[in-house]
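Here is a quick briefing to read alongside the model. Keep the structure open and look up each spot as it comes along.

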Amino acid sequence: MTKGDELRYGAPRNAVHFCVDMQKMFAGGTDWTMPWLPRVLPNVVAITSAHPERTIFTRFIPAQSPGQGAGMWRRYYERWSSMTIDQLGPEMVDLVQELARFVPPARTFDKYVYSPWTGSALHAQLREAGVETVVVTGGETDVCVLATVLGAVDWGFRVILVADALCSSADETHDSMMNIYMNRFGQQVECVTTETLLANWPADGRARSLS
C-alpha cells in the first residue's frame, strides 16, 4: 500500500489535517454512497481526535435543485438530480455523527466544486497561520481527495496522504489513484498509514487552533 510506510521528510511541521467530505450523503442510502467509508472511519476519527484543533472538515455542497450550476455543472446535476439538496434534504450535507462531535474546535469548510482551493483564499489563510504541511484523509480518493491533493501540491504545501484513511466508491480507480500518488507524484506526496502518521505527529495539548 505504501513505499516503506515512512515519512521521507521527518515529522510533520505546522500541519493541518484536511478531512475531505466525510458526510452523511456519502455514508449510505444515496447514489453517491462510498461502501467502505465505515471501514476507514475509525482511522479518520483517530487522527481527528489527536488533533481536533488542527482539523478542517471540507463539505461538498451540491446544487439546490436539478439543472442548477454553470456550464457542465448544469448537465452534471441533471444527471445526478437525486443528489441535489431538494432531493436529499439539507441534513445530508452534514458530517457523519462520529466526526461532527469534533466541531468545534475543528472547523468546517464548504465548497461547491471538487477543490477547496478554487475561488477561495484558503491557501492564504493557511500560510498566514504558519501552516507548512497538509495531512489528507477522507473521500473520494479519485475525485475530491485528488483535487485537494493537487491544489495543495500547486500551492507548495508538503502533502501527507493517509492511505488507510481514504475511501472511494470504486476499488479499481482507488487502487489506480494510489499508484499515481505514490509514483507519479512521489516527490511531492508522501503516503503512510494512520499508525505511522500518529507515531510521528502525536497529540499536543499546546497546539494552536486554526479558527
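How far apart do the end C-alpha atoms of residues 17-187 lie? They are 20 Å apart, and the span is 38% helix and 19% strand. What you're looking at is a predicted model, where local features need pLDDT of at least 70, side-chain atom pairs count only at pLDDT 80 or more, and totals for chains, interfaces and linings use all residues. Residues are numbered from 1 along each chain as its sequence is written, and side-chain values use heavy atoms, with hydrogens and water left out.

**Overall build**
- UniProt, in an unreviewed entry, places the feature "domain: Isochorismatase-like" at residues 17-187; its positions are given in the numbering used here, feature names are shortened, and annotations may be inferred rather than shown by experiment.
- The protein chain has nine helices and six strands, which are DSSP runs numbered from the N terminus (helices: H or I, at least four residues; strands: E, at least two).
- Along its principal axes, the C-alpha trace of the protein chain spans about 45 × 35 × 30 Å.

**Inside the fold**
- Of the 211 residues in the protein chain, 52% are buried (buried means under 20% relative accessible area, exposed over 50%, partly exposed in between, with a 1.4 Å probe and protein chains only).
- In soluble globular proteins, nonpolar side chains tend to be buried together.
- Here the largest nonpolar core has 63 residues, and Met-22, Leu-99, Leu-126, Val-149, Leu-161 and Tyr-181 have the most contacts inside it. Strand β5 (residues 158-167) gives this core its largest share, eight residues. Such a core is a set of buried Ala, Val, Leu, Ile, Met, Phe, Trp, Tyr and Cys residues joined through side-chain atoms within 4.5 Å.
- Tyr-181 sits in helix α8 (residues 171-183) and is buried, at 0% relative accessible area. Leaving aside neighbours within four places in sequence, its contacts (heavy atoms within 4.5 Å) include Val-149, Leu-161 and Cys-191.
- Leu-126, with neighbours within four places in sequence left aside, touches residues including Val-16, Trp-117 and Phe-157.

**Cysteines**
- Cys-144 is buried at 6% relative accessible area, and Cys-167 is buried at 0%.

- Most residues other than glycine have a negative phi, and most peptide bonds are trans.
- The peptide bond from Val-103 to Pro-104 is cis, with omega near -20°, and a cis bond also joins Pro-104 and Pro-105, with omega about 15°. Pro-104 is in the loop between α5 (97-100) and β3 (107-111).
- Asn-14, in the segment before β1 (15-20), has a positive phi of about 45° although it is not a glycine. Asn-14 is partly exposed, at 39% relative accessible area.
- Asp-21 has a positive phi of about 55°, again without being a glycine, but Asp-21 is buried at 1%.
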